[in-house]
Amino acid sequence: MKGTLGQALAAYMDALTRHRPEAGPADETPSGASSFQALVRQELSAAVDALARGEATAAAGLTGKASIQEVVEAVSSAELSLQKVTAVRDRVIAAYQEIMRMPV
């Protein structure tokens, strides 16, 4: 199965929006929970944007419309964003596995 990194992050964003509960007056949570959710959503959005910019700049570089420095900077930024999202995902999975190992 082939796809771009932008498509993979877009799938993560889509899954996040599909599986979030509907907001309502009874769903208001303390600021800690909602701020973490907002932080994750903001970081995923920033990662998707960085990947899209990296792909666009790389394409522009191939056609001669962007310098090599611009391409390297955009691709490096996209790579760093993807590494950040992957590290957070791995930590969440590890925390979930640790919780599942706890005796009840």
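Buried means under 20% relative accessible area, exposed means over 50%, and partly exposed lies in between (1.4 Å probe, protein chains only). This is a predicted model, in which local features need pLDDT of at least 70, side-chain atom pairs count only at pLDDT 80 or more, and totals for chains, interfaces and linings use all residues. Residues are numbered from 1 along each chain as its sequence is written, and side-chain values use heavy atoms, with hydrogens and water left out.

**Helix α3**
- Helix α3 covers residues 68–101; helices are DSSP runs of H or I with at least four residues, numbered from the N terminus.
- From first to last C-alpha, α3 reaches 49 Å over its 34 residues, close to the expected 50 Å (1.5 Å times one less than the number of residues).
- Buried residues in α3 include Val 71, Ala 74, Ala 78 and Val 85.
- Ser 81, also in α3, counts as buried because its relative accessibility is 12%.
- Leaving aside residues up to four places away in sequence, Ser 81 touches Ala 47 and Ala 50 (contact: heavy atoms within 4.5 Å).

**Salt bridges**
- The count is 3 salt bridges, each a side-chain nitrogen of Lys or Arg within 4 Å of a carboxyl oxygen of Asp or Glu.
- Lys 84 pairs with Glu 43, with the closest N and O atoms 3.0 Å apart.
- This pair links distant parts of the chain, 41 residues apart: Lys 84 is in α3 and Glu 43 in helix α2 (residues 31–62).
- Arg 89 and Asp 90 form a salt bridge at 2.8 Å, N to O; Arg 89 is partly exposed at 35%, and Asp 90 is partly exposed at 38%.
- Arg 101 and Glu 98 meet at 2.7 Å, N to O, and are separated by about one helical turn because they are 3 residues apart in α3.
- Arg 101 is exposed at 58%, while Glu 98 is partly exposed at 43%.

Note on methods
Helices (H or I, at least four residues) and strands (E, at least two) are DSSP runs, numbered from the N terminus.
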